[in-house]
Amino acid sequence: MNVNVEYRKDNTQPVCSKSYVTVTEGEPVGSTLLTLGCYDLDWGDRGQLTYSILNGDINGIFQIYDSGDVILVGELDYELSNQYNVVVLVEDKGKPSLKEITMLVVNVENVMT
C-alpha cells in the first residue's frame, strides 16, 4: 500500500504593513535603511519570503534582500527627489506561491552645506 501525503496550503498570503523611513541625502551607499515588517504563517521553507521592487525606485538606488533589509545602493539627492514611494511585491515560497503588495515610503532630508 502506498500513501501519498501532499501539503495543502492553508494560510493566506504574506502579511505586510506600509513602511516609512526618513534618511538624509548624505547617507552612505551600502547602508541598511530599515527591515520590512512582513511575515508569513506557513511552516518551514513555504513561509520564507522574497521581495521585488515593482515601481517607484526611479533611480535604481534601493535593493531589498530576502531578509527584508532595504539597502541603499545609490546616492540620495534631495534636489532630484525628496520622497520615494516604492511598490514592493512580497511572495512566499509555497506551492502555489501567494503574493502581497506593500509600499515603502522613503523621505529624504536635505543636507545644508
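Is Cys38 buried or exposed? Cys38 is buried, with a relative accessible area of 15%; buried here means under 20% relative accessible area, exposed over 50%, and partly exposed in between (1.4 Å probe, protein chains only).

A quick note before the views. This is a predicted model, where local features need pLDDT of at least 70 and side-chain atom pairs count only at pLDDT 80 or more, while totals for chains, interfaces and linings use all residues. Residues are numbered from 1 along each chain as its sequence is written, and side-chain values use heavy atoms, with hydrogens and water left out.

**View A. A disulfide joins Cys16 to Cys38.** The S to S distance is 2.3 Å, and a disulfide is counted when a pair of cysteine sulfur atoms lies within 2.5 Å. By that rule the count comes to one disulfide. Cys16 sits in the segment before strand 1 and Cys38 in the loop between strand 2 and strand 3, so the pair ties together parts that are 22 residues apart in sequence. Strands (E, at least two residues) and helices (H or I, at least four) are DSSP runs, numbered from the N terminus. With 125 degrees about the S-S bond, the link of Cys16 and Cys38 is right-handed. Cys16 also counts as buried, at 19% relative accessibility. In general, a disulfide is a covalent bond between the sulfur atoms of two cysteines.

**View B. Four strands make an open sheet in the order 1-7-6-3.** The pairing is mixed; two strands pair if DSSP finds at least two bridges between them. Strand 1 and strand 3 stand at the edges with a single partner strand each, so one side of each has no neighbour in the sheet. On average, neighbouring strands here are turned by 30 degrees against each other, direction ignored (axes are lines fitted to C-alpha atoms, for helices over the stretch in contact, and angles run from 0 to 180 degrees between N-to-C directions). Strand 3 and strand 6 pair in the antiparallel sense over six bridges, and Tyr51 stands opposite Val90 in strand 6.

**View C. Strand 1 has side chains that alternate between two faces.** Ser19, Val21 and Val23 point to one face and are buried. Strand 1 runs parallel to strand 7, joined by six bridges. Follow Ser19 across and you reach its bridge partner in strand 7, Leu104.

**View D. Phe62 and Leu104 touch the most other members of the largest nonpolar core.** This core has 22 residues; a nonpolar core is a set of buried Ala, Val, Leu, Ile, Met, Phe, Trp, Tyr and Cys residues joined through side-chain atoms within 4.5 Å. Its largest share, four residues, comes from strand 6. Leaving out residues up to four places away in sequence, Phe62 touches a list of residues including Leu33, Ile53, Tyr84 and Val106 (contact means heavy atoms within 4.5 Å).

**View E. The side chains of Glu91 and Lys99 meet in a salt bridge.** The N to O distance is 3.9 Å, and the rule asks for a side-chain nitrogen of Lys or Arg within 4 Å of a carboxyl oxygen of Asp or Glu. Glu91 is partly exposed, with a relative accessible area of 21%, and Lys99 is partly exposed too, at 46%.

**View F. A cis peptide bond joins Lys95 and Pro96.** Omega is about 5 degrees here. Pro96 lies in the loop between strand 6 and strand 7. Most peptide bonds are trans.
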